[in-house]
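The exercises below ask you to work through the contacts within and between the chains of one protein model. Each task is followed by a solution that goes step by step.

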Protein chains: 2
Amino acid sequence: MDLKTLEDRLPAGTVVTDPDILAGYRQDRALDPAAGTPLALVRPQTTAEVSAVLRWASQHGVPVVPRGAGTGLSGGATAQDGALLLSTERMRAITIDPVTRTAVTQPGLLNAEVKRAAAAEGLWYPPDPSSFEICSIGGNAATNAGGLCCVKYGVTTDYILGLEVVLADGTVVRLGGPRLKDSAGLSLTKLFVGSEGTLGVITELTLRLLPAQPPQATVVASFPTVESAGAAILAVTGQLRPSMLEFMDAVAIGAVEDELRMGLDRSAAALLVARSDAPGEFAAAEAAVIEAACTEAGATEVFRTLDPEEGEAFCAARRFAIPAVERKGPLLLEDVGVPLPRLTELVTGIAEIARRRDVLVSVIAHAGDGNTHPLIVHDPNDPDETARANQAFGEIMDLAIALGGTITGEHGVGRLKKAWLPDQLGPDVMALTQRIKDALDPAGILNPGAVL
Amino acid sequence: MDLKTLEDRLPAGTVVTDPDILAGYRQDRALDPAAGTPLALVRPQTTAEVSAVLRWASQHGVPVVPRGAGTGLSGGATAQDGALLLSTERMRAITIDPVTRTAVTQPGLLNAEVKRAAAAEGLWYPPDPSSFEICSIGGNAATNAGGLCCVKYGVTTDYILGLEVVLADGTVVRLGGPRLKDSAGLSLTKLFVGSEGTLGVITELTLRLLPAQPPQATVVASFPTVESAGAAILAVTGQLRPSMLEFMDAVAIGAVEDELRMGLDRSAAALLVARSDAPGEFAAAEAAVIEAACTEAGATEVFRTLDPEEGEAFCAARRFAIPAVERKGPLLLEDVGVPLPRLTELVTGIAEIARRRDVLVSVIAHAGDGNTHPLIVHDPNDPDETARANQAFGEIMDLAIALGGTITGEHGVGRLKKAWLPDQLGPDVMALTQRIKDALDPAGILNPGAVL
């Protein structure tokens with residue numbers, strides 16, 4: 001494929017073919033070994049440039065794999081042979097309007113940068129993936145990313161009021177805008193959220209912001225069994241809306257303690273970290289309710305603090321769980337979720353799968369909304385263990401589906417989980433999905449092989 | 001068309017052809033004079049029956065106009081010649097799960113009934129159209145309805161976690177479910193919210209509920225000018241998130257006072273009713289902030305109360321504004337919205353249009369989110385006045401679009417506003433909408449003539 005006609009339409013330096021640079025863009029954090037050899041990397045800075053890329057790609061039948069910061073965990077940005085990798089990393093403008101309490105941002109900004117820009121105006125962008133310091137806001141929208149505060153504050157789609165999207169043929173559409181209410185026409189904005197680059201490329205986002213979050217009270221509780229932690233989770237969420245309710249199993253506790261030496265109870269089967277951001281003294285009151293619920297459910301140790309720094313240290317410990325467990329070996333990272341009453345069944349079922357397949361699986365979870373991240377440790381140089389890890393990976397998704405859950409709560413389907421999507425959605429919803437895909441991208445050039 | 005084959009597939013009494021009964025279903029509250037003569041009314045009780053109706057309609061090429069409680073204000077449920085009217089009024093089952101804090105409901109239940117079922121478990125379904133006592137939850141989803149609390153709590157789509165939908169050919173799909181987080185596949189659930197019966201018929205909804213709303217503090221303020229009220233609105237929303245922030249103009253104040261004799265200030269140009277549901281004494285503190293903002297903006301009179309009944313009386317007065325103004329004559333009811341900083345321009349521009357067209361227009365508004373309901377009073381027996389009212393109707397939408405706004409914040413496009421939809425969305429978004437419509441309803445049998 002002659003790239004000259006593409007290069008002619010774009011500013012110098014936008015199209016990159018240096019294999020050394022391309023190598024760094026072939027995979028996202030899923031490290032999909034099936035990554036192909038891309039034709040080129042394009043790094044546009046404007047919507048017009050994205051449109052030019054897609055027009056060219058459409059005309060030449062060249063597939064396009066969009067990517068944000070490359071932190072995806074499901075292989076949604078895995079390079080395909082002969083495809084253009086379209087990175088939004090240089091699209092980094094943002095403006096905050098404190099009056100409408102909205103942000104208008106290009107997709108390449110990191111989630112943490114959006115949060116900082118909002119905070120400079122006394123505002124808050126809630127969604128907070130654990131990777132918030134390295135993941136892009138465009139990628140968050142493309143996967144409908146979640147995070148730790150979602151148990152109270154909802155997910156990315158709840159904060160997206162408008163999008164600018166470039167369609168497969170290069171057409172630029174503006175959907176929604178800085179209006180909390182808008183019933184004019186189909187809800188196209190929401191359709192593109194979570195579409196993982198298969199329907200269009202997001203080039204601008206209008207985000208709803210909230211006033212700054214009040215200081216949080218924090219409760220940390222250790223449990224002798226997964227069941228007792230599960231009972232505490234239901235007792236907490238049945239009484240109030242925590243601003244965070246996180247779970248770590250024994251493996252994660254040990255791994256984090258190995259690294260951070262915080263004095264976590266290594267003998268515990270489970271640890272919960274819960275927070276309240278109710279205003280004023282209500283945070284302390286809610287923390288007391290959480291503490292009582294944990295104690296009543298059988299917690300062996302409960303720690304409660306109003307000190308934001310101390311509380312943040314425990315949140316950081318929870319966020320550090322994935323890298324800490326990763327020290328034990330490369331991970332297959334799951335993202336299964338179930339309706340809250342089935343959470344204990346899911347966690348104990350995962351342990352059973354781990355035993356049967358003889359692999360180490362650590363479970364951490366956004367427990368308050370039933371979204372778990374089983375981390376399957378395996379040695380990729382050991383073919384037998386890798387095979388068993390892959391078997392466990394599939395069986396955990398099968399289990400989540402059997403419990404009325406989802407194969408992905410917040411990471412997206414990408415390429416790693418698409419084999420399980422039909423089992424969750426069923427043939428009729430898959431057919432419906434395909435009809436929409438075909439209507440919007442008839443030639444199938446947008447992120448082929450992802451989701452569908 | 002022979003209805004025998006349809007009747008054979010459904011329980012006795014489901015298909016109604018009695019012209020006297022049909023007459024009551026030909027229009028919704030928009031009273032569209034262009035309503036046609038339907039073939040029949042069908043009142044299914046189950047999803048399987050809805051599926052049978054659509055399968056039959058598809059096979060026979062018969063259009064289907066779905067309707068909830070018939071309270072729509074945009075003609076989304078206007079009968080079409082030869083169409084089946086599919087009323088969901090008999091689909092009234094609901095279950096509440098306090099553990100996952102969700103409701104699973106059929107579409108025919110009224111919004112108020114959903115609220116009551118949730119309240120019986122100590123829970124709250126926030127969206128609150130002014131018509132909440134007579135509008136159906138299925139219709140709320142079909143129009144992405146709003147209400148008074150949306151300024152803080154968002155709109156219907158923010159509370160819909162899952163839907164069961166019957167597609168044009170009778171296929172039943174289940175989308176989403178009782179999971180706060182689910183990134184598996186396209187966001188199809190959200191696509192059907194606000195689709196006004198043009199993509200499928202909603203037969204079941206999974207709703208997210210919140211803990212019961214705390215008691216609210218209420219502030220009522222009178223202003224000498226629209227501009228001073230507008231300044232107060234921005235000053236309030238810039239400092240906190242009120243749980244309600246409503247606007248009434250002089251005409252509405254007078255009309256409500258005529259009926260209710262509450263002692264509203266008839267000399268005022270505008271009235272604001274604002275509430276705070278912050279917990280405990282924070283409600284009073286927020287009410288004090290609101291009061292100060294109003295006073296500083298030039299309010300001539302401010303009343304503040306913590307008494308829930310007294311506060312509710314002012315909300316009821318605001319909700320009564322539409323029927324009160326309606327005593328002056330039949331209304332053309334608008335639903336235009338703008339980004340908040342343009343609200344004063346919109347309201348003063350509407351007054352200018354009313355002057356120019358010599359018609360009475362009263363403006364009430366969900367001011368906190370920039371969503372206004374201009375009420376155009378006219379005598380349908382006066383052709384000249386009716387023509388001027390219709391001119392004003394269109395010019396108000398033109399103005400909203402020119403101010404970066406929307407022709408409908410919460411009522412939907414239906415048939416009355418569809419001529420203006422292309423002006424708001426532009427040709428590319430209209431084409432995108434049509435592609436999705438064609439993909440899901442290729443024969444165009446679902447609510448033909450609505451939206452598109």
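For these exercises, residues are in contact when they have heavy atoms within 4.5 Å. The model is a predicted one.

**Exercise 1. Determine through which surface the two copies meet, and how they are related.**

Step 1. Compare the two sides of the interface: 100% of the interface residues of chain A are also interface residues in chain B, so the copies meet through the same surface. On each side the contact involves 85 residues, 85 of chain A and 85 of chain B.

Step 2. Superpose the copies, which takes a rotation of 180° with 0.0 Å of shift along its axis and brings chain A onto chain B with an RMSD of 0.0 Å. The two copies are therefore related as by a two-fold rotation axis.

**Exercise 2. Describe the area buried between chain A and chain B, and find which residues of chain A lose the most area to chain B.**

Step 1. Begin with the area itself, which is about 6,000 Å², with carbon and sulfur atoms giving 62% of it.

Step 2. Turn to the individual residues of chain A, where Lys181(A), Ser183(A) and Leu186(A) lose the most area to chain B, together 14% of what that side buries.

**Exercise 3. Characterise the polar and charged pairs between the chains, and then the elements and residue classes on the side of chain A.**

Step 1. Count the pairs: there are 4 salt bridges between chain A and chain B, and 32 residue pairs are in polar contact across this interface, both residues being at pLDDT 80 or more.

Step 2. Take one salt bridge as an example, that of Lys181(B) with Glu410(A), whose closest N and O atoms are 3.1 Å apart. This distance meets the criterion, because a salt bridge requires a side-chain nitrogen of Lys or Arg within 4 Å of a carboxyl oxygen of Asp or Glu.

Step 3. Assign the side of chain A to its elements, noting that those giving two or more residues include β9 (172-176), α8 (226-237) and α15 (421-440) of chain A. Of the elements, α15(A) gives the most, with 11 residues.

**Exercise 4. Within chain A, work out how domain 2 and domain 3 meet.**

Step 1. Locate the domains: chain A is divided into domain 1 (4-87), domain 2 (94-211), domain 3 (217-322) and domain 4 (328-439). The centres of domain 2 and domain 3 of chain A, taken over C-alpha atoms, are separated by 30 Å.

Step 2. Ask which residues supply the area on the side of domain 2, where Leu148(A), Val151(A) and Lys152(A) account for 68% of what domain 2 of chain A buries against domain 3 of chain A, more than any other three residues.

Step 3. Look for charged pairs: the rule finds 1 salt bridge across this interface, and the side chains of Lys152(A) and Asp277(A) meet in a salt bridge at 2.8 Å, N to O.

Step 4. Finish with the side of domain 2 of chain A that touches domain 3 of chain A, to which helix α6 (residues 150-153) of chain A gives the most, with 3 residues. By class, this side has 6 nonpolar, 1 polar and 1 charged residues.

Definitions and conventions. Residues are numbered from 1 along each chain as its sequence is written. Chains are lettered from A and ligands numbered from 1 in the order in which they are written. This is a predicted model: local features need pLDDT of at least 70, side-chain atom pairs count only at pLDDT 80 or more; totals for chains, interfaces and linings use all residues. Side-chain values use heavy atoms; hydrogens and water are left out. Domain bounds come from an automatic or database domain assignment. Buried area is the accessible area (1.4 Å probe) that two parts lose on being put together, summed over both. Helices (H or I, at least four residues) and strands (E, at least two) are DSSP runs, numbered from the N terminus. Ala, Val, Leu, Ile, Met, Phe, Trp, Tyr, Cys and Pro count as nonpolar, Asp, Glu, Lys and Arg as charged, and the others, Gly among them, as polar. Copies are superposed by least squares on the C-alpha atoms of residues with pLDDT of at least 70 in both. A polar contact is a pair of N or O atoms within 3.5 Å; within protein, one must be able to donate a hydrogen and the other to accept it, and residues adjacent in sequence count only if both atoms are side-chain atoms.
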